[in-house]
Amino acid sequence: MKKLLIGGRYLLLALGAVAMLLPFVWMVVISLQPAATTLTLPTFAWSSALHWENYRHAWRLAPFAQYYGNSLLVTATTTGGQLFTSILAAFAFSHLHFYGRRLLFRGLIALTMIPGELLLIPNFITLTHLHWINTYAALIVPWLTSIFAMFALRQAFLTHPQSLYYAARLEGASDWQYLWHVLVPLNRPVITAVGLLQAIGSWNAFMWPLIVTNSPRLRTLPVGLMTFTSQTGTNYPLLMAATVFVVVPLLILYLALQKYIVAGITRANLKG
Amino acid sequence: MPSLRRLTQCFLLLTGILCLSACGHPAASSQAAHRTTITFWHGMTADHQAALTQLVNRFNRSQTRYRVVPVSQGNFGTLQQKITVAAKSDTLPTIAQTTYTNVPNYVQGHLVVPLDAYLGKRPFQDVVPVFRQSISYRGKAYAFPFSKSARILFYNRDLLKQQNVALPATWAALHQDGKRLKSQHITALALDQSFLTELNDLTYQAGTPLITRGPRANLNTKQTRAATHVLWDMLQDHTATTAGNAGYGSTQFFAGKTLFYSGSSAAIPVMQASAPKGFHWGTTVEPRYHGRQGTSVSGNDIVLFKSASPAQRRGAAAFLHFLLQKKQTIQWAEKTGYLPLTTSACQDPHYQRYLARHPNARAAVRSLDFGFQDRAFQGYPQYFTAINQSLDRLTTTQTSPEQALPQLQQRVNTILRENRGA
Amino acid sequence: MLNPKPSLKTTLHALAYLAPLLIITVLFTVWPLLSAVRLSLATRSNFYTGRVTAYGWANFGALWHDPDFHRAVQHTLLFTLGVVPASVLLALGVALLLNRLPHCARFFQTLYFLPFVTSTVAVSLVWGWLFQADHGVVNGLIHTNIDWLNDPHYSLLALILLCLWQSLGFNILLFLAGLNHIDDRYLLVAQLNGATAWQRFWHVTWPLLTPTVILITVNALITNFKVFDQVYALFHGSAGPANADLTLTYYLYQKFYIENQTGLAAASGLVLFGLVLLITGLAGTYFHHWTRWLRKDAR
């Protein structure tokens, strides 16, 4: 019976996995077709040779090394900053008592409901006043917070019994120490997951980097993907090749962090 | 605690970077110091971008005073968005590619300056007459024609021969052929997602353009309804199809069961690259209607922004002047498939030899004799959205022209009224 | 600070923790929101300079009478209703299947995460191809002949499917993190007490997972109400056939960037904001009562 259940689980998962995997496989297949700017997607012939050189060509068509560097820098700093500001705020919202806590929290959640398209222009104007247009600051500073991350971390922090906090406080730990020495290590899976999600969002951001930068020196990978599409047609194989090498770092990051996200937490050494 | 240390390191690194980047950047290079930089935002990518870069490099080599820096802003959609945002924060480039139909709005927003003062009238005299139509707004030259194309009819050579069909002289003939061939599962005409260009052509040929002086909208007149029916009836009896989400009708055209495709001449190079092996195709001018010829010319222009310094304006004028020179405009046309901008370039033996080698490029050049461009007016982008939405309803739902056009007329009247008040 | 009663001192202390987040939020979210409010009340203004010469409620009145806006509201509601519950339930289901899988757990987790890392542009291209009317994979699978992207009756469903597929990885990851957060010992105790798998889930896992469920649902509501990128990419910068995929954010985008109607765009953005606020608030209240009821039930 148990074996049957496990088997069923695998079967279901495998079926879903095919649906998840298919588009990705398709992307790789298209990236290996003969490169040409065409109006429609190339139909693939299995017999034809695989054009691995597409990856080399795509890489050379735009300054992708530069874009990589920029994307890495922007993603690393924004994710780090987001986690830092969110952890602090999430701690305040989950463990500290202060005037207007509920109202402020709800107000912040409400702010995430504003469509970004509405904020784009005023923010751009703010950056112009700060003389930040076409600088890394424009790419990074507005994204140093994430209310979603704060929300997610607060939800996680709330699951720990208050008694733990009080016990630590009675033993003489400050809030700061409790946060960084107890709460953060305990919540590593959630923090890693949230950080990963934010990193992906930042890595794939397209409109903002395009709007606030004017020179290719500061542009990021998603903007680079536009190189392959023109008004009259698209070089699909090269576009897909480039998409693959844009995605791969995220996959590597995911694989590297996976064990932190799903590794169960051991509560035995909590007292330490 | 390692995680705390790491976080602190992250934060320090981040502050460091911010300080560095916020300090502002020194001038891009020292050589720019004594040459005036002309920033040129454009929407060209891939091969077109390469062709443009070549022209710009040649200009820069010929210059000691000015340096043009082209910046690709992706496609025309994102380019337009960049211009909008930059305009609102006063960070516009010197010149940018855009359509002349935006000029009235830009003039109202005090964003652009006339080119006359810097370029003079002379260079424009040689510009192909139909392109000249769109240069001026309220008596001043604002839009410099740049990447221009014409609507043409592509045909499947083999299918035409096999079915013994002649190139259609009129829209009626095209419809007749279509009815005859339907039994053989052959579609006469493939259109792009929107048939606005074709409708524009038909109403122009009937002598009653959609927008006339004033501006006045003639969207619900007897003539417009009749012209809409020419296309709509073909769609209804499936002698014509629209491309839908595929965007361009060429997809269906290349599938081999379609005689004609009405599309932009700018697509010729890409069509050459995408045509299946053994597929033979040719191009001709659009059919007549009411016995008249008339073809929409569309594409993009270049405007000069007010925020540019006097030196930049002079430099921009020098660059535009350079683009109009025979050698440049012919090279541009040959490399990209856009049309040469001047009459002398069109007649140049070098370009004529190119046409002889590339017969498919001929139809668009021929169309210039009876080409026309839309009237530009304040609120054009709104009008454009409104009419495209109406036509989309005609193609994707059961709506008839009699239902859609009165609504459209009303909506466009409101748009025109609001913009007159602005 | 062990005193749960707020005082001036505790408030200042908390502010120190909140300051970094608040400063940036005020500068880049609250301030633009205020300027949007101002713009929404501007009835006559220069689009480029932003100078306003007349104020009034006319923009909201115009929205009230605009059939396109009604359509946008309707589509947005339908779309959210189509994506959110399905996405949360599916993600929970998959996460439960993936959780503590004896073999290949990481492999499967990675596969389910793939769609989320891929850029929307590539994803939309792929789905455009899958949704083709002739020879399309979707039609092939369910033996239909639907022109998904050109038939106004189905194009919203196509968008729903795409977003569902793409958002799954995100939600699964959060659920997995949430599930991992649950102490194994609770489940062990329940098992020792002879609880069935269902009882263990309903009385142990689910109540402990509620914060995650709330987080995911609220986040999904908010994200999907604001859907734009997927529409733009799937329909190549249009709002689908006969405006069938015109969503509120798309409406805002169109009014602002294409038609340069600042006032209307800002007003529609605020209406969207109000609408999400209302619905999320309702969902929040509902959850609140529901979790209370659950706790009572668990007792």
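I began with the loop between H11 and helix H12 (262-298) of chain C, where Asn260(C) is found; helices (H or I, at least four residues) and strands (E, at least two) are DSSP runs, numbered from the N terminus. Asn260(C) has a positive phi of about 55° although it is not a glycine. I noted beside this that most residues other than glycine have a negative phi, and most peptide bonds are trans. Asn260(C) counts as partly exposed because it has 19 C-beta neighbours inside 10 Å; a residue is buried if 20 or more other C-beta atoms, placed from the backbone, lie within 10 Å of its own, exposed if 12 or fewer, and partly exposed in between.

I reminded myself that this is a predicted model, in which local features need pLDDT of at least 70 and side-chain atom pairs count only at pLDDT 80 or more, while totals for chains, interfaces and linings use all residues. Residues are numbered from 1 along each chain as its sequence is written, and chains are lettered from A and ligands numbered from 1 in the order in which they are written.

I then turned to chain B, where His238(B) also has a positive phi, of about 60°, although it is not a glycine. I located His238(B) in the loop between helix H11 (222-236) and strand E10 (240-242) of chain B, and with 12 C-beta neighbours inside 10 Å it counts as exposed. In chain B I also looked up the peptide bond from Gly214(B) to Pro215(B), which is cis, with omega near -5°; Pro215(B) lies in the loop between strand E8 (211-212) and strand E9 (216-217) of chain B.

Next I looked at two helices of chain C, helix H4 (residues 105-117) and helix H7 (residues 155-181), which pack at an angle of about 130° with their axes 6 Å apart. Axes are lines fitted to C-alpha atoms, for helices over the stretch in contact, and angles run from 0 to 180 degrees between N-to-C directions. H4(C) and H7(C) are therefore oblique to each other, given that angles under 35 degrees count as roughly parallel, over 145 as roughly antiparallel, 65 to 115 as roughly perpendicular and the rest as oblique. Among the residues making the contact I listed Tyr112(C) and Phe113(C) of H4(C), and Trp165(C) and Leu168(C) of H7(C); two residues are in contact if their C-beta atoms, placed from the backbone, lie within 7 Å.

For the chain interfaces, I found that the contact between chain A and chain C takes 72 residues from chain A and 72 residues from chain C. H1(A) gives the most to the side of chain A that touches chain C, with 12 residues. By class, that side of chain A has 53 nonpolar, 14 polar and 5 charged residues, where Ala, Val, Leu, Ile, Met, Phe, Trp, Tyr, Cys and Pro count as nonpolar, Asp, Glu, Lys and Arg as charged, and the others, Gly among them, as polar. I also recorded that 19 residues of chain C are in contact with 19 residues of chain B, and that helix H11 (residues 248-258) of chain C supplies the largest share of the side of chain C that touches chain B, 3 residues.

Last, I checked the UniProt record, an unreviewed entry, whose annotation "domain: ABC transmembrane type-1" covers residues 73-283 of chain C; UniProt positions are given in the numbering used here, feature names are shortened, and annotations may be inferred rather than shown by experiment. The end C-alpha atoms of residues 73-283 of chain C lie 18 Å apart, and the span is 76% helix and 0% strand.
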